[in-house]
Structure formats: C-alpha cells, structure tokens
Amino acid sequence: MAKLFRAVILGPPGSGKGTISERVASSFGLQHLSSGDFLRENIAAKTEAGVLAKTYIEKGALVPDHVMTRLMLPRLVEMTRHSWLLDGFPRTLAQAEALNSACELDVVISLNIPLETLKDRLRHRWIHPASGRVYNMRFNPPRVQGVDDISGEPLIQHEDDKPEALVARLRHYKDVAKPVIDLYRAKGILHMFSDTETDRIWPYVSSLLSAKIPTDLADAQRATTH
Ligand SMILES: Nc1nc2c(ncn2[C@@H]2O[C@H](COP(=O)(O)OP(=O)(O)O)[C@@H](O)[C@H]2O)c(=O)[nH]1
Ligand SMILES: Nc1ccn([C@@H]2O[C@H](COP(=O)(O)OP(=O)(O)O)[C@@H](O)[C@H]2O)c(=O)n1
C-alpha cells in the first residue's frame, strides 16, 4: 500500500483553514476532517460530547482538552487507511501531545493572517448547518442571498461568529496556539504562510504539498481520479 500522508492546518478562526482544506481535499485527495464541523455534527446529534461542547462554544470558549481528544482520536482511528488533513485540531499543546502519541505528522501548515482581516471575514461568514458549507457575503456569496446554493435551505451565522463571542475567541487563540506552533517548529515540520488573501496563499500551499506528498500516493490518487 502507498505511504499515507498526515497533515494539520493551524490558524486563528477565520484564517481560511476550511477554505484551504477544501482545496487540498479536492486537489490532492486527502480526507479533510474539520474538528469544528465534527463538533457541530455532535451538537446536532446531541451526543454526550456534543451536549457538553455546546456550552463552551456558545461562550466563545475552547472545549476542554479531554473532551476534544476523546472525540477526535477515535475518529482518526477510523481514518487509519486514508491520507488526511486535520483542521481545527490540535488547538492546544495538550491536544498536540495527544495527537503526537497517536500518529506521526508529515506537514503542518500554519496560517498567519492580520487581526483586522480576521474580524472582517468572520462578521460576513454564513454557513449551511446541514452540510457545513461556508459562504462569505463578499468573498464567496451564495447565488441567492441567505440561501444555500445546493439545497436551497436557509443559511445561518454561527453563534461564535457573532461579535460578542468573536473578540474573545481571537484574543484567546494567540495565547493557546503559540506553544503548538513552537512544538511543530521544533520538529521541523512547520510551514508558515502570511497574507491577507487565501488566493495568494494557495499556490504556495499547493506547491509545498506537491513536493511533500509521496509520489506513489499521488500516482494512486491520479489513477483513481482519471
Ligand atoms: N475576503 C476574503 N474572505 C475569505 C478569504 N478566504 C476565506 N475567506 C472567508 O473567510 C471566512 C473564514 O474562512 P474559513 O475557511 O471558514 O476559516 P477557518 O475559520 O480558519 O476555517 C469564510 O467566510 C471564507 O469564505 C479571502 O482570501 N478573502
Ligand atoms: N480543537 C477545538 C476545535 C474547535 N473548538 C470549538 O469549536 C468552535 C468552532 O470551531 P471551528 O474550527 O469551526 O471554527 P474556528 O474557531 O476555527 O472558526 C471553536 O470556536 C471552539 O469553540 C474547540 O474548542 N477546540
């Protein structure tokens, strides 16, 4: 079997992790696992972890490490046979250490986006809750205002994208992320991208992954997509 590829994308809320992850998934065939989407699925399904997580997310707080790792590590075990890109997990040093003991990462992509840009984007972010599809009323608006392009269902704004929760989230992110970034830098797998536009970052991410993804894996993916 071809060697599997493991990547993580780090960045503050609104930095474009979800947007870039979707491009990675469609260009390189990696499975994209968004911890935010997975949490929202658990909240919608009222699982034990979901009910607990909801109380934190509504306050703009992080879900405790033991809840996150208990949710995510079993999900990763289900994806053992796939190459994947993790988005939103790990968020803290404790989560990064738990992930370390479960698997070895090949690449960490870190998005470094100015604070004003983040605030501006999140204010305009709307999602389709059933699918997790993300719109931005300016960057990628839906074809019909307020309505999902595919299902025709109404779009909503996350509780945690509303102004009250937003500022607390952005402030907290930096403190918590720094040791995670330092850990991956020390391991020599960190790749940092700084810009205000996803479209300018994407070509660099794409060429990094083209260089890093093992040729036999890329060949296998080409064979399945053509
Ligand atoms: N204006 C603008 N908006 C962007 C850009 N990249 C992503 N967005 C939007 O910004 C919001 C946050 O992006 P998302 O990928 O959800 O970020 P995440 O929170 O890091 O996963 C979404 O509404 C995106 O559509 C960009 O380059 N410019
Ligand atoms: N590892 C994680 C991931 C998400 N979360 C929570 O879930 C929310 C939504 O996650 P997300 O990844 O969709 O959103 P962003 O905060 O990246 O925009 C976060 O704001 C956190 O409250 C967490 O506590 N810990």
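Begin with the lining of the largest cavity, to which β1 and α7 each supply at least two residues. The model is predicted: local features need pLDDT of at least 70, side-chain atom pairs count only at pLDDT 80 or more, and totals for chains, interfaces and linings use all residues. Residues are numbered from 1 along each chain as its sequence is written, chains are lettered from A and ligands numbered from 1 in the order in which they are written, and side-chain values use heavy atoms, with hydrogens and water left out. Helices (H or I, at least four residues) and strands (E, at least two) are DSSP runs, numbered from the N terminus.

**The cavity.** Select Ile9, Leu10, Gly11, Lys17, Gly88, Phe89, Pro90, Arg91, Tyr173, Ala177 and Val180, which line the largest cavity. A cavity is a set of points on a 1 Å grid over the protein atoms alone where a 1.4 Å probe fits but cannot get out; lining residues have an atom within 4 Å of a point. The space inside is about 80 Å³, a volume being that filled by probe spheres set on the points, which are joined across faces, edges and corners. The structure holds 1 cavity of 30 Å³ or more. Helix α7 gives the largest share of the lining, 3 residues. By class, the lining has 7 nonpolar, 2 polar and 2 charged residues (Ala, Val, Leu, Ile, Met, Phe, Trp, Tyr, Cys and Pro count as nonpolar, Asp, Glu, Lys and Arg as charged, the others, Gly among them, as polar).

**The sheet.** Next, display the open sheet of 5 strands, ordered β2-β3-β1-β4-β7 with parallel pairing; two strands pair if DSSP finds at least two bridges between them. β2 (31-34) and β7 (190-194) stand at the edges with a single partner strand each, so one side of each lacks a neighbour in the sheet. From one strand to the next, the twist averages 20°; angles run from 0 to 180 degrees between N-to-C directions, and axes are lines fitted to C-alpha atoms, for helices over the stretch in contact. Zoom in on β1 (residues 6-10) and β4 (residues 107-112), which run parallel and are joined by 4 bridges. Here Ala7 stands opposite Val107.

**Helices on the sheet.** Select α2 (residues 35-44), which packs on the sheet, touching β2 and β3 (84-87), its direction at about 60° to that of β2. Contact means heavy atoms within 4.5 Å. Then select α7 (residues 163-187), which touches β1, β4 and β7 and makes about 135° with the direction of β7.

**α2 against α4.** Ser35, Phe38, Leu39 and Asn42 in α2 meet Met68, Leu71, Met72 and Arg75 in α4.

How values were computed. On a 1 Å grid over the protein atoms alone, a cavity is a set of points where a 1.4 Å probe fits but cannot get out, and a pocket is an open set with protein on both sides within 12 Å along at least five of seven lines; lining residues have an atom within 4 Å of a point.
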